[in-house]
Amino acid sequence: MPDGDVLGLLVATRDEPGVLYRISEVIFNHGANVTYIAGGAHRENVAELQLEVTGAGDEVSLMADLEGLDGVTEVSRVPTFQRIYGKRVIVIGGGAQVGMVAQGAISEADRHNIRGERISVDTIPLVGEEQLAQAVRAVARLHRARALVLAGALMGGDISNAVREIREAGIFVICTNMAGSVPDAADVVVSDPVEAGVMAVMLIADTASFSIEHVRGRRF
């Protein structure tokens, strides 16, 4: 969905039960749909919500009706997270390879963002099959996540199951060359961790002429 079709709203409210229900009701009454919601700053008895809404025919009227709700103290229009941070590359794994993947991804994202793209890079060093499998599955639930890079020396078992699951959800998965079954489950295997980060960004960048179909199933 084009970002121009999405209305970003920052709603400051009293921190009390029922406020979110009333906000949702107003949005429903305007025939609009909430595509994203997240909690923001929280201080004393005031909470902030960032909402991203589509289908609001009269945005000014919607904002006025929200601001008139009991419990809502302020409503302002803000850029969507897609416009600010764009698509996300997630880097997970252990050891120095995580930093090297991030280096490659950030360098490549910089090249595309200068030309108007928006791509951000998130990393978390983790070890252990259970922790890694949970983190991999969570990528499919992360807002705007498009690609995952797994970096390490050995990954398999339930991590491989998790990789297959998020690929079905549309997440591109790249891994470094490692022992275990994850390389067989991933879309692409890249031996050089810096290049793995570069390739992850190229796969999701609108400003790159590169497709997963060109490399899926290959090892570099």
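Predicted model: local features only at pLDDT ≥ 70, side-chain atom pairs only at ≥ 80, totals over all residues.

1. Helix 1 and the sheet. Helix 1, residues 19-29, lies across strand 1, strand 2, strand 3 (46-54) and strand 4. Its direction runs at about 25 degrees to strand 3.

2. Helix 2 on the sheet. Helix 2, formed by residues 59-67, also packs on the sheet, where it touches strand 1, strand 3 and strand 4. The direction of helix 2 makes about 160 degrees with that of strand 4.

3. In what order do the four strands of the open sheet stand? The order is 2-3-1-4, and the pairing is antiparallel. In general, the strands of a sheet pair through backbone hydrogen bonds, in either a parallel or an antiparallel sense.

4. One pair in detail. Strand 1 (residues 6-14) pairs with strand 4 in the antiparallel sense, over five bridges. To locate this pairing in the model, the reader may look for Leu9, which stands opposite Arg77 in strand 4.

5. A pair of helices. Two packed helices are described by the angle between their axes and by the distance between those axes. For helix 5 (residues 129-139) and helix 6 (residues 158-168), the axes come within 8 Å and cross at roughly 0 degrees. Angles under 35 degrees count as roughly parallel, and helix 5 and helix 6 are therefore roughly parallel to each other.

6. Residues between these helices. Helix 5 contributes Glu129, Leu132, Ala133, Val136, Arg137 and Val139 to the contact. From helix 6 come Asp158, Ile159, Asn161, Ala162, Val163, Glu165 and Ile166. Which classes of residue make up this contact of helix 5 with helix 6? There are eight nonpolar, one polar and four charged residues.

7. The protein overall. The secondary structure comprises eight helices and nine strands. The C-alpha trace spans about 60 × 35 × 30 Å along its principal axes. Of the 220 residues, 45% count as buried. The accessible surface comes to about 10900 Å², and 51% of it belongs to carbon and sulfur atoms. Among contacts between residues at least 6 apart in sequence, 73% join residues at least 24 apart.

How values were computed:
Residues numbered from 1 in each chain as written. Heavy atoms only, no water. Axes fitted to C-alpha atoms, helices over the stretch in contact; angles between N-to-C directions. Helix = DSSP H or I, 4+ residues; strand = E, 2+ residues; numbered from the N terminus. Parallel < 35°, antiparallel > 145°, perpendicular 65-115°, else oblique. Contact = heavy atoms within 4.5 Å. Nonpolar A, V, L, I, M, F, W, Y, C, P; charged D, E, K, R; others polar. Pairing = 2+ DSSP bridges. Buried < 20%, exposed > 50% of the residue type's maximum accessible area, 1.4 Å probe, protein only. Areas by Shrake-Rupley, 256 points an atom, 1.4 Å probe, with all protein chains shown as cover.
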